Amino acid sequence: MKLTFICIFLFSVIGVSAQGLRFGDSEYFTFSAFGSPPTSLNEKNLNFGVDIELVSYAKYVRFGVNRFENLEGAYTDFIGSAGLNLTSGYFDKLRYYGGLRLGLIYRTNVYPTGGLECGVDVDLSKDLYIGIKAGYGYRSD
C-alpha cells in the first residue's frame, strides 16, 4: 500500500511538468551510494549500498549491492534492475523511471528476491543528480 502511494506521488510530478513527457535523448552511466538512516540508527550499525547504472534513451539497467551486518547472518543483497525512462523539463532536468528488480540475498544461505521500483531524479548539474526511489520486493529469506 505504501509503495502505491509513493509511486502515485512520484509520477504525479509528471502532470505538473510544463515541458511535456518524452523518452531521454542521451546515454550515460551513473554511480550512486545509498543508505537507510532509520535502520542504521535503530540497529546501531551502518546500512549502506552502491549502484552502477546505464541510462540509455528509453531504458535503464542497474546493478547494486546492499550490506547490513547487524542482522543475523550479516545481510548482503545483489540486485539487478531494468526498466523504462522518461524525462521532462527544460534540458531534460527531471527523469522518471520504473522497472523490475531481481537478485540474490546472501545470509548464511542464498535466497532469491524480486520486485518493482520507481523513482525520480533531478539533474542539479552536469555530473550531479539527486533523487528518490521507492521499491517493493519479495524476499525469500
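**Entry 1: G115.** I looked up the contacts of G115 (heavy atoms within 4.5 Å). I left aside its neighbours within four places in sequence and found G99, L100, R101, Y136 and G137. G115 sits in strand β6; strands are DSSP runs of E, at least two residues long, numbered from the N terminus. I also checked one C-alpha distance: G115 and L102 are 13 residues apart along the chain, and their C-alpha atoms are 6.6 Å apart.

**Ground rules.** I note that this is a predicted model, in which local features need pLDDT of at least 70, side-chain atom pairs count only at pLDDT 80 or more, and totals for chains, interfaces and linings use all residues. Residues are numbered from 1 along each chain as its sequence is written, and side-chain values use heavy atoms, with hydrogens and water left out.

**Entry 2: salt bridges.** Side chains of opposite charge can pair when their charged atoms come close. I searched the whole structure for salt bridges and got seven. The rule was a side-chain nitrogen of Lys or Arg within 4 Å of a carboxyl oxygen of Asp or Glu.

I took D51 with K133: their closest N and O atoms are 3.4 Å apart. Is D51 buried or exposed? D51 is buried, at 8% relative accessible area. K133 is partly exposed, at 37%. My limits: buried is under 20%, exposed is over 50%, and partly exposed lies in between (1.4 Å probe, protein chains only).

I turned to R95. Its salt bridge with E53 has closest N and O atoms 2.7 Å apart. R95 belongs to strand β5 and E53 to strand β2, so this pair ties together parts 42 residues apart in sequence. R95 and E53 are both buried.

R95 in strand β5 and D121 in strand β6 are 26 residues apart. Both of these residues are buried as well. I then followed the shared partners: D51, E53, R62, R95, R101, E117, D121 and K133 are joined into one network.

**Entry 3: T87.** I found T87 in strand β4. T87 counts as buried, at 7% relative accessibility. With neighbours within four places left aside, its contacts include G20, R22, D92 and R95.

Entry 4: A pocket here is an open set of points on a 1 Å grid over the protein atoms alone, where a 1.4 Å probe fits, with protein on both sides within 12 Å along at least five of seven lines. Lining residues have an atom within 4 Å of a point. The volume is the space filled by probe spheres set on the points, which are joined across faces, edges and corners.

The largest pocket holds about 1,400 Å³. I counted 50 lining residues, and F34, D51, R101, K133 and A134 lie nearest the centre. Strand β7 (residues 128-139) gives the largest share, ten residues. By class, the lining has 22 nonpolar, 16 polar and twelve charged residues. Nonpolar covers Ala, Val, Leu, Ile, Met, Phe, Trp, Tyr, Cys and Pro; charged covers Asp, Glu, Lys and Arg; the others, Gly among them, are polar.

**Entry 5: the second largest pocket.** Its volume is about 220 Å³. It is lined by 17 residues, and the closest to its centre are S26, Y28, T87, D92 and Y129. β4 (75-88), β5 (94-107) and β6 (109-125) each give two or more residues. β6 gives the most, three. The lining divides into seven nonpolar, four polar and six charged residues.

**Entry 6: aromatic pairs.** I found two aromatic pairs. Ring centres of Phe, Tyr or Trp (its six-membered ring) had to lie within 6.5 Å; planes under 30 degrees apart are stacked, over 60 edge-to-face, and the rest tilted.

Y28 and Y129 are stacked, 5.7 Å centre to centre with 5 degrees between the planes. They link strand β1 (residues 27-35) to strand β7, 101 residues apart. Y28 is partly exposed at 23%, and Y129 is partly exposed at 31%.

Y60 and Y97 are edge-to-face, at 5.3 Å and 70 degrees. Y60 lies in strand β3 (residues 59-68) and Y97 in strand β5, so the pair ties together parts 37 residues apart. Y60 is buried at 1%, and Y97 is buried at 3%.

Technical notes:
Helices (H or I, at least four residues) and strands (E, at least two) are DSSP runs, numbered from the N terminus.
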